[in-house]
Amino acid sequence: MKRSAVFLLSLTLFNSCLDRINIDIPNTTLPIVIDGLITDEPGPYTIQITRAAQLEENLNFKKFISAKSVTIFDNEGNSEQLSETEIGVYQTDPNGMRGVVGREYFIRIETRDGKIYESVPDKMNPVGKVDDLYYEFETFQPIADPTQYGFRIYADAQSVANGNNLFRWKFSGIFEIDTWPELHTVGLDGNPCVPDPRGCIDALDGSCTCCRCWVHVPEKLPRVSDNQFVSNGVFKKIEVGYVPIEYFPFLIKYRLEVKQMSLSRMAFEYWKTVQSQKEGTSSLFQPPTGKTRSNLFEKNGSSEVQGIFYAAAVQKKQTYITNSDLPIDIEVATWNCEVGRIAEDCTRAYPLSTGEKPIDWQ
């Protein structure tokens, strides 16, 4: 008997858009998915363990599963066992193992049913340097919708002398918001604006624990490049992302960040396939790109494993865009019944919001 199942083009993109494909597969156990990396940045490093889910079982398409143990090893005899911070999510100690350029790293996972999974050792290659991160204003006029505005984001960077110069450019953003949770409303009995204030403001002193947040915007598309983009050892105007201009995200400050990450040939081919797959979803004429090749396997077994564990040296660059930097005046937006103000607990206003200010926020 066959059942309809949903797979992800890439389950390894944490907190990114999910691309769904409906296919028929035999009614068998779906593959385990392992996602993680180690870098030369300070830890902790995270490894996620999930299993592809049947559509009728889980509309989130991922089922996090616990393991008996998760350990990272290097080729110098060092190792660290990770701690489970929540179901299926494992982290190193913040002061524990740290990646070193030139070493090789692999993971070993023992599941609760006794199976052991390992990754092929991956070498951490040297990385170049990001010289500049900048943006260009763009406009787009849809046929039947209002004009859309945004910033195309670019980076200039240096390659590595005598290196393989295989890089991933990981772009992300953070924006700051102020909110008015006391103005929150709900619809009731035909009235769309019935007061329903959130309870995160102290009634005695007026202090608020949910009025200022920082919203994390993860990358939507992994981007890789190789030596074909290098001229005299320099990468020029590498496109790393796009940010639409919207009212609330740009009301205070928006931070752009790009990480230049060194890759082995194996990791480069993996992320290149993921990039091609995700780009192909937007084109009717995109040719098939094939299945992503995992570097994970079951030791002394033949169970299928998906995902990747790899090592990457990292260089990053950040820049900020404030409201005064915008080349246009943005039309004031409405949030429920409030004009120009977010009438909500800031941790609920956007996905991936937190009241904890980033330690490197400027």
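Does tryptophan 361 count as buried or exposed, and what is its relative accessibility? Tryptophan 361 has 10% relative accessibility, so it counts as buried. Buried means under 20% relative accessible area, exposed over 50%, and partly exposed in between (1.4 Å probe, protein chains only).

This is a predicted model: local features need pLDDT of at least 70, side-chain atom pairs count only at pLDDT 80 or more, and totals for chains, interfaces and linings use all residues. Residues are numbered from 1 along each chain as its sequence is written, and side-chain values use heavy atoms, with hydrogens and water left out.

**Helix α1**

- Helices (H or I, at least four residues) and strands (E, at least two) are DSSP runs, numbered from the N terminus.
- Helix α1 covers residues 265–280. The expected span is 1.5 Å times one less than the number of residues. For these 16 residues that gives 22 Å, and the end C-alpha atoms are 22 Å apart, which agrees.
- Its buried residues include Phe268, Trp271 and Gln275.
- The buried residues of α1 pack against β15 (167–178), β19 (223–225) and β24 (305–312).

**Strands β3 and β24**

- Strand β3 (residues 32–39) is mostly covered, with 7 of its 8 residues buried.
- β3 pairs with β24 in the parallel sense over 8 bridges. Strands pair if DSSP finds at least two bridges between them.
- Leucine 37 stands opposite tyrosine 310 in β24.

**Arginine 223**

- Arginine 223 is found in strand β19. Its relative accessibility is 17%, so it counts as buried.
- Leaving aside neighbours within four places in sequence, arginine 223 is in contact (heavy atoms within 4.5 Å) with residues including Trp169, Val240 and Gln275.
- The side chain of arginine 223 reaches the backbone oxygen of valine 240 at 3.1 Å.

**Aromatic rings**

- Rings of Phe, Tyr and Trp (its six-membered ring) pair if their centres lie within 6.5 Å; planes under 30 degrees apart count as stacked, over 60 as edge-to-face and the rest as tilted.
- By this rule the count comes to 19 aromatic pairs.
- The rings of tryptophan 169 and phenylalanine 235 have centres 5.4 Å apart and planes at 70°, so this pair is edge-to-face. The two residues are 66 residues apart, in strands β15 and β21.
- Tyrosine 320 is in strand β25, and tryptophan 361 is in the segment after β28.
- Lysine 253 lies over the face of tyrosine 320, at 5.3 Å from the ring centre. The rule asks for NZ of Lys or CZ of Arg within 6 Å of the ring centre and within 35 degrees of the ring normal.

Methods. A polar contact is a pair of N or O atoms within 3.5 Å; within protein, one must be able to donate a hydrogen and the other to accept it, and residues adjacent in sequence count only if both atoms are side-chain atoms.
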